[in-house]
Amino acid sequence: MPLIELDIQSTLPSQPESRLQLPWLHGSIRADELIHLTVLEQCRILTEREKLDAAQAQQRIARQYLSDADIARMQPHGRVALQATADLAAPAPDLETAIALEAFRRRRFLLLVGERQIRAEDDIITLTPHQPIRFVRLIPLQGG
């Protein structure tokens, strides 16, 4: 089954670009629906990553020592220690979607489909294979 590939970019050089994949959607989709599906996928990935991180933290605490890799990863941050476990709340997709839609309305990020900038939530996006879809997070310049 074909996939839709989404690039998530930032104007801040220190933030890495990421790529998401969504199941292929036939035909057209509204911009707000595409944003919602993107947020859902980001929440799913974050939840999986947090579960994996929590499981790894539990494993470190259970064995009561740090591996060489654990120490090397923590050393640049100036603190090497067993991590306390904490139950982090899973992201709330509806809240995150509302935040993303408000950011879109306030022009905090651009949605580009091919060479076209999507400007409104109700804009219709006609999906075609191999058409680039990019979300570009805009970071204000210092002092402006």
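## The whole chain

Start with everything on screen: of the 144 residues in the protein chain, 28% are buried. Keep in mind as you look around that this is a predicted model.

Switch to a cartoon view next. Trace the chain along its sequence and the elements come in the pattern β-β-β-α-α-α-β-β-β-β.

Now turn on a surface. The accessible surface of the protein chain is about 9900 Å², and carbon and sulfur atoms account for 54% of that. Contacts are worth a thought here too: among those in the protein chain with a separation of 6 or more, 52% are between residues 24 or more positions apart.

## Stop one: the aromatic rings

Hide the surface and go looking for rings. How many aromatic pairs does a search of the whole structure find? There are two aromatic pairs.

Select Phe-104 and Phe-109 to see one of them: the pair is tilted, with 5.6 Å centre to centre and 40 degrees between the planes. Both Phe-104 and Phe-109 are buried.

Is Phe-135 buried or exposed? Phe-135 is buried, and so is Phe-109.

Show the three rings together before you move on: Phe-104, Phe-109 and Phe-135 form one aromatic cluster.

Time for some charged side chains. Side chains of opposite charge can pair when their charged atoms come close. Searching the whole structure turns up seven salt bridges, and we'll visit a few.

Select Glu-41 and Arg-44, whose side chains meet in a salt bridge at 2.6 Å, N to O. Both residues lie in helix H1 (residues 31-63), three residues apart, which is about one turn of the helix.

Arg-44, with a relative accessible area of 38%, is partly exposed.

## Stop three: Arg-105 and its two partners

Jump to helix H3 (residues 93-105) and select Glu-102 and Arg-105, which lie three residues apart there, about one turn of the helix. Their side chains meet in a salt bridge at 2.7 Å, N to O. Glu-102 counts as partly exposed at 36% relative accessibility, and Arg-105 also counts as partly exposed, at 43%.

Where does each partner lie? Arg-105 is in helix H3, while Glu-121 is in the loop between strand S5 (116-118) and strand S6 (124-126), so the pair ties together parts that are 16 residues apart in sequence.

## Last stop: a charged network

To finish, clear the selection and pick Glu-5, Asp-7 and Arg-19. These residues are linked in a network of salt bridges.

Terms used:
Residues are numbered from 1 along each chain as its sequence is written. This is a predicted model: local features need pLDDT of at least 70, side-chain atom pairs count only at pLDDT 80 or more; totals for chains, interfaces and linings use all residues. Side-chain values use heavy atoms; hydrogens and water are left out. Helices (H or I, at least four residues) and strands (E, at least two) are DSSP runs, numbered from the N terminus. Buried means under 20% relative accessible area, exposed over 50%, partly exposed in between (1.4 Å probe, protein chains only). Contact means heavy atoms within 4.5 Å. Accessible areas come from the Shrake-Rupley method with a 1.4 Å probe; for residues, only the protein chains shown count as cover. Rings of Phe, Tyr and Trp (its six-membered ring) pair if their centres lie within 6.5 Å; planes under 30 degrees apart count as stacked, over 60 as edge-to-face and the rest as tilted. A salt bridge is a side-chain nitrogen of Lys or Arg within 4 Å of a carboxyl oxygen of Asp or Glu.
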